[in-house]
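Biologist: I would like to go through this model with you one question at a time. Please show it first.

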Amino acid sequence: MLTRSDLSATEPDLAALLAARPALAMHVQDGLCFEDVPLNAIADAFGTPVWVYGAATIRARYADLQTAFSDAGLPVHIHYAVKANDHLAILSVLAKAGAGADVVSQGEFARAMAVGIPASGIVFSGVGKTRAELAAALSAGIGQINVESAEELAMLSEVATSLGRTARVALRMNPDVDAGTHAKITTGLAGNKFGISAPDILPLYAHAAALPGIAPVGIALHIGSQILSPAPYAAAYSKAASTVRALRQAGQQVSVLDLGGGLGIGYRDEPGISLAAFAQVVRREAGELGVQLLLEPGRYLVGPAGLLLASVILQKQTAQKRFLVLDAAMNDLLRPSLYDSYHGMLPVSAVDFVKPVSPTDVVGPVCESGDIFAAGRALPDLAENARLAVLDAGAYGAVMSSPYNARPRAAAVLLDGGHFHLITPRQRLDNLWADEILPGLR
Ligand code: LLP
């Protein structure tokens, strides 16, 4: 399905991209600044490519989400989806703001615990958790496990019983709703691997209540990611609410509704999903249920709070077109290659920012034609070493990066109160093989 974010007809110009992002500003002398810090200062200090994250932006977005729900009279617990950006510094900003965590692996669980998020404030999601992962989470006292199948429920009961623990369980419902997003990030359709169909929830919940080591507490859903309209949420939550009522009629206790994540952001100059409209949908569909509401946002909180700062290696003119080859590539930011996703790009220099533009393919140096950030993007001529900011890369950026082509992982910097902190040094070349074992060969 084609979504708003796939339509190139609505491509914003550089000024529109800038105007839509309150944390960015262009200064005549300093060039592009993020949270009042000149990006040139960061590139000078640490080189490129470098991820730059803004703590104030994360805090503001967290507060906006909380306000939208408190304005709608809905108490909500925000469990940040760690997969969007699992850097300890980012987790720490969110933990200090009061967030719990939504994790999908033992590694994410350990990361969340490492910044002081209590196990009781962590939800474990995912379609395949190993026995070892379940055991580790239960032993640490995890708050909730979202179970996605009868098979997993049986496994969890065995693991919990063997540890003498009781797992607080939400059953993840697959509401069979089209979230209207990219096929690779839609999760709530009947044909997807995720969740349990609504009719199957009722008998499985009763079964769960009777199983040793299991305490069913509620229903969870997550219908997809980068959702820009409240409509699919309304359809999904309406089905979830019906299921909660049916469960209660059948004599079951239901005290939790985990609403999932998926709140979409504006990657061009369009607004993201309306938080007020989203909260009203929750209120309308689930406000009367008297359940504890949980949210699992990832992208919404951190996506616009990060950018990838790159430098131009060279500009290459062929008979067909102009290529801008950056020192960042698909191994750093995979989203354009994987989902054809759009990321805004802004020159860092104020001089470059006002130059005339022409269509440019922005690519990385990796040896694949798929290593492309944008095709035919309207950009100015950029000389060697000119800097370019790839916007809205705070979610599903660094976490999906790899050292493919033996390219060291990029450095990362956190901005906080006008200062910048190095939070990941650039990977050293000899660290590329530091974990490898060279056997004694014949
Ligand atoms: N909860 C569950 C169970 C999830 O599977 C996800 C994301 C979230 C919450 C958070 O979703 P968010 O609020 O961030 O949309 N790599 C893709 C996105 C994959 C999302 C996977 N699940 C991308 O770059 O667009």
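Biologist: Which residues in α3 and α10 meet each other?

Modeller: This is a predicted model, where local features need pLDDT of at least 70, side-chain atom pairs count only at pLDDT 80 or more, and totals for chains, interfaces and linings use all residues. Residues are numbered from 1 along each chain as its sequence is written, and side-chain values use heavy atoms, leaving out hydrogens and water. On the α3 side, the residues in contact (heavy atoms within 4.5 Å) are D64, L65, A68 and F69. On the α10 side, they meet L275, A276, F278, A279 and V282.

Biologist: By class, how many residues of the contact of α3 with α10 are nonpolar, polar and charged?

Modeller: Ala, Val, Leu, Ile, Met, Phe, Trp, Tyr, Cys and Pro count as nonpolar, Asp, Glu, Lys and Arg as charged, and the others as polar. For α3 with α10, the contact divides into eight nonpolar, no polar and one charged residues.

Biologist: Are α3 and α10 parallel or oblique to each other?

Modeller: Helix α3 covers residues 55–71 and helix α10 covers residues 275–286 (helices are DSSP runs of H or I, at least four residues, and strands of E, at least two). Their axes, which are lines fitted to C-alpha atoms, lie 9 Å apart at an angle of about 45°. Angles under 35 degrees count as roughly parallel, over 145 as roughly antiparallel, 65 to 115 as roughly perpendicular and the rest as oblique. The pair α3 and α10 is therefore oblique.

Biologist: What is the angle at which α3 and α4 pack?

Modeller: Helix α4 runs over residues 88–97, and its axis is 10 Å from that of α3. The scale for such angles goes from 0 to 180 degrees between N-to-C directions. For α3 and α4 the angle is about 40°, which makes α3 oblique to α4.

Biologist: Which residues make the contact of α3 with α4?

Modeller: By class, this contact of α3 with α4 has seven nonpolar, no polar and one charged residues. From α3 come A55, I58, R59 and Y62. They meet four names in α4, namely I90, V93, L94 and A97.

Biologist: Are α5 and α6 roughly parallel or oblique to each other?

Modeller: Helix α5 (residues 106–114) packs with helix α6 (residues 131–140), their axes being 10 Å apart. The angle of α5 with α6 is about 25°. The two helices α5 and α6 are therefore roughly parallel.

Biologist: Which residues in α6 does α5 meet?

Modeller: The contact of α5 with α6 has six nonpolar, one polar and one charged residues. In α5, the residues involved are Q106, F109 and M113. In α6, they meet A132, E133, A136, A137 and A140.

Biologist: What is omega of the peptide bond that joins T48 and P49?

Modeller: P49 sits in the loop between α2 (39–46) and β4 (50–54). The peptide bond from T48 to P49 is cis, with omega about -5°.

Biologist: Where does D392 lie?

Modeller: D392 is a residue other than glycine with a positive phi, near 55°. Its place is the loop between β19 (387–390) and β20 (411–416).
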